[in-house]
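Please read it alongside the sequence and coordinates shown here.

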Amino acid sequence: MKYVIIVSAVLAGCATAPGPAPTPAPEPDLPPVQIPEAVPVPVPGPAPAPAARTENVAIAGLMDTARTDAAAGRLANAAATLERALRIEPRNPRLWHELARVRLKQGQYAQAESVAARSNSWAGSDNALRAENWRLIAEARTARGDAEGARTALDAAERSGR
């Protein structure tokens with residue numbers, strides 16, 4: 001109890017009573033400022049239209065890495081990188097096409113055909129990509145020994161490329 005009283009007394013001694021409000025410092029006498037007349041600023045024309053398909057920076061980097069790996073024969077690494085990119089952007093038809101190319105190189109023909117078809121489902125009006133996918137499907141069918149299916153796919157590529 002004795003200590004509580006001592007601590008209270010010490011703390012009370014640290015407090016100060018409010019004093020009069022401080023007065024602001026007088027402003028120095030400054031000459032009047034001349035404000036120049038407004039200068040018209042030219043208005044730029046309309047911004048250029050964005051590119052039809054721009055890649056996310058991360059996606060573009062992953063695609064470059066996958067292409068480098070595929071070119072070097074590291075097909076498993078290329079496929080893993082493309083699958084990672086597809087987790088980021090699952091509706092990107094170019095990524096699906098690249099994965100189909102890797103699957104074709106790996107000898108996974110049914111998978112290549114399926115992934116190329118998925119790319120076509122997201123390709124929209126990109127007829128060049130659709131034609132590339134159909135040619136890839138034809139190549140996969142040829143490798144599996146399905147000559148008739150390959151001809152059908154090449155016909156579809158021809159129709160898409162128009």
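## Aromatic rings and basis of the model

The structure holds 0 aromatic pairs, where rings of Phe, Tyr and Trp (its six-membered ring) pair if their centres lie within 6.5 Å, planes under 30 degrees apart counting as stacked, over 60 as edge-to-face and the rest as tilted. A charge does sit over a ring, however: Arg118 lies over the face of Trp96, at 4.7 Å from the ring centre, the criterion being that NZ of Lys or CZ of Arg is within 6 Å of the ring centre and within 35 degrees of the ring normal.

This is a predicted model, in which local features need pLDDT of at least 70 and side-chain atom pairs count only at pLDDT 80 or more, while totals for chains, interfaces and linings use all residues. Residues are numbered from 1 along each chain as its sequence is written, and side-chain values use heavy atoms, with hydrogens and water left out.

## Overall make-up

The protein chain has 7 helices and 0 strands, these being DSSP runs (H or I over at least four residues for helices, E over at least two for strands) numbered from the N terminus. Of its 162 residues, 28% count as buried, that is, under 20% relative accessible area, with exposed meaning over 50% and partly exposed in between (1.4 Å probe, protein chains only).

The accessible surface of the protein chain comes to about 11700 Å², of which 59% belongs to carbon and sulfur atoms, as computed by the Shrake-Rupley method with a 1.4 Å probe. Among contacts (heavy atoms within 4.5 Å) between residues at least 6 apart in sequence, 48% join residues at least 24 apart.

Leaving aside neighbours within four places in sequence, Leu136 is in contact with His97, Ala100, Arg101, Leu104, Ala112 and Ala116.

The 14 residues of α5 should span 20 Å at 1.5 Å a residue, and its end C-alpha atoms are 20 Å apart, which agrees; the expected span is 1.5 Å times one less than the number of residues. Its buried residues are Ala112, Glu113, Val115, Ala116, Ser119 and Asn120, and their cover includes α4 and α6. Just after α5, Gly124 takes a positive phi of about 60°.

Gly145, with a positive phi near 90°, follows α6.

Ala70 lies in helix α2 (residues 57–71) and is buried, with a relative accessible area of 13%. Not counting residues up to four places away in sequence, Ala70 touches Leu75, Ala78, Val102 and Lys105; Ala70 and Arg101, 31 residues apart in sequence, are 9.2 Å apart in space, C-alpha to C-alpha.

Ser160 belongs to helix α7 (residues 147–160) and counts as buried because its relative accessibility is 13%. Apart from neighbours within four places in sequence, Ser160 is in contact with Asn127, Arg130, Ala131 and Trp134.
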